[in-house]
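Q: I have a model open and would like to go through it. Can you take me through the contacts, then the helices and the rings?

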Amino acid sequence: MTISNHVDRKDSDRLGREMHVFAAELYPICRSITGNGIRQTLATIGERVPLRMVEVPSGTPVFDWTVPKEWNINDGYIADQSGHRVVDFRRCNLHVVNYSVPVCKKMSFDELRNHLFTIPEHPDWIPYRTSYYKEDWGLCLSHNQMESLDHGAEYEVCIDSSLSDGSLSYGECYLPGETPAEILISCHACHPSLANDNLSGVTVATFLAGVLSRLDLRYSYRFLFVPGTIGAITWLARNQKHVDRICHGLVLTCLGDAGRFHYKKSRRGDAEVDRAAAVVLKHETDSAEVLEFSPYGYDERQYCSPGFNLSVGCLMRSVWGTFPEYHTSADNLEFIRPERLAESLRVCLSIVDVLENNRRYRNLNPFCEPQLGRRNLYSSTSGSHTLGEEINARLWVLNLSDGEHTLLDISERSGMPFPVIRDAAHLLRDSGLLSTIKDSPVVRPDGSNSSTTRYSAALESGSI
Ligand code: ZN
């Protein structure tokens, strides 16, 4: 199964446009970590992929945290004395600080000023602010808007929101494969009208699930659409007994902008997914950067907390916080481009392709090189003066297929792209020169997570 070929470059223009349209459909929804915005978002994702929606009641303890009260909002504004709305939530949902408690009163500009947020260095942009775990209220507006207010006047402030017992919602899309061993794909779906930091990850994950749902796969796949931090913590608390089946994982975010790719390694640092991502980015993208793990960022923080230590990394284009549009109204639908979304999907499929096809083989003619010419395996397609890439790949695969090295090992050591090594291995296998090692490890037994290693051993022995 060569997964990356399922989206060829001809398709990618159409797919990119379709992905952007999907992001645009979700963009106006006022999401938060709980409430109807995230429910509506999950329902929209569920129209494209099979999605199970889960509701966890407010007050439920989840490790050291508690599922918060549910927040919903109808309206919010600042009106001048004539009743004219000078700031209006209905025009942009970033105007109200996410999780603001309700308020409706008249106040002087000086009193109001303590509750206003702007970005003086980008005077036309509206900032995105939240107050999830402290009951407070506030309004966000462009600096120019604030400057245009009458600093001596009285204003009417109204936030028509509710904060009450309800539930936290998340969505789970499970695609069963040949083995119960799982690949986890997670993204946060809790930001309101923000495109790169939020909707690009949601969009790439949704389309990735769509492509994979049509294929026969070796691994099972679990896609999580969760509110950031509290959603991942809630999912882990409810699924603690089952996480051993997760062999590899990716957190997807910030995948629609024009920046180069970044991959943040898992806490383990040498997990198979870390190496797969590095090989794909090296050969398929320009000047991508692989970053070491750090305990801050997106939900890889929870999956890589020491009690779990899952092999989960984070794939991004521009890194959060490093682009000025981050957490502002400028992170909009123009900031994410169709071709960037499609390229990000292709990179994800290539990483999946490595994980799906990373096996060990045994050379059945290990004493000196087998005679490839006799088998029509020595004709180079790239001219007679140099050893063609295809033949070189065959020699690498034959030499390192001693039953120990995986195809990923061979790709890394030869410096050749994984698909070239994979195709060489398949050809040599079909020519009777290699045998597939059954029960290839799906987890590198590095001993750093004993429960996961036990799972791997059980899988290899066929007891699962
Ligand atoms: Zn964010």
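A: Among contacts in the protein between residues at least 6 apart in sequence, 79% join residues at least 24 apart; contact means heavy atoms within 4.5 Å. This is a predicted model, where local features need pLDDT of at least 70, side-chain atom pairs count only at pLDDT 80 or more, and totals for chains, interfaces and linings use all residues. Residues are numbered from 1 along each chain as its sequence is written, and side-chain values use heavy atoms, with hydrogens and water left out.

Q: How many helices and strands are there?

A: The protein has 13 helices and 19 strands. These are DSSP runs numbered from the N terminus, helices being H or I of at least four residues and strands E of at least two.

Q: And what share of the residues is buried?

A: Of the 464 residues, 59% count as buried. Buried means under 20% relative accessible area, exposed over 50%, and partly exposed in between, with a 1.4 Å probe and protein chains only.

Q: Now the helices. At what angle do α10 and α12 cross?

A: At roughly 70°, with the axes of α10 (residues 389–400) and α12 (residues 418–430) coming within 8 Å. The axes are lines fitted to C-alpha atoms over the stretch in contact, and angles run from 0 to 180 degrees between N-to-C directions. The two helices are therefore roughly perpendicular to each other (65 to 115 degrees; under 35 is roughly parallel, over 145 roughly antiparallel, the rest oblique).

Q: Which residues make that contact?

A: From α10, E389, A393, R394, V397 and L398; from α12, V420, I421, A424, A425, L427 and L428. They divide into 9 nonpolar, no polar and 2 charged. Ala, Val, Leu, Ile, Met, Phe, Trp, Tyr, Cys and Pro count as nonpolar, Asp, Glu, Lys and Arg as charged, and the others, Gly among them, as polar.

Q: Rings next. How many aromatic pairs are there?

A: The structure holds 10. Rings of Phe, Tyr and Trp (its six-membered ring) pair if their centres lie within 6.5 Å; planes under 30 degrees apart are stacked, over 60 edge-to-face, the rest tilted. One of the pairs is F63 with F308, edge-to-face at 5.9 Å centre to centre and 70° between the planes.

Q: Where do those two sit?

A: F63 is in the loop between β2 (61–62) and β3 (65–66), and F308 in the loop between α8 (300–303) and β16 (312–316), so the pair ties together parts 245 residues apart in sequence.

Q: Is each one buried or partly exposed?

A: F63 is partly exposed at 42% relative accessibility, whereas F308 is buried at 10%.
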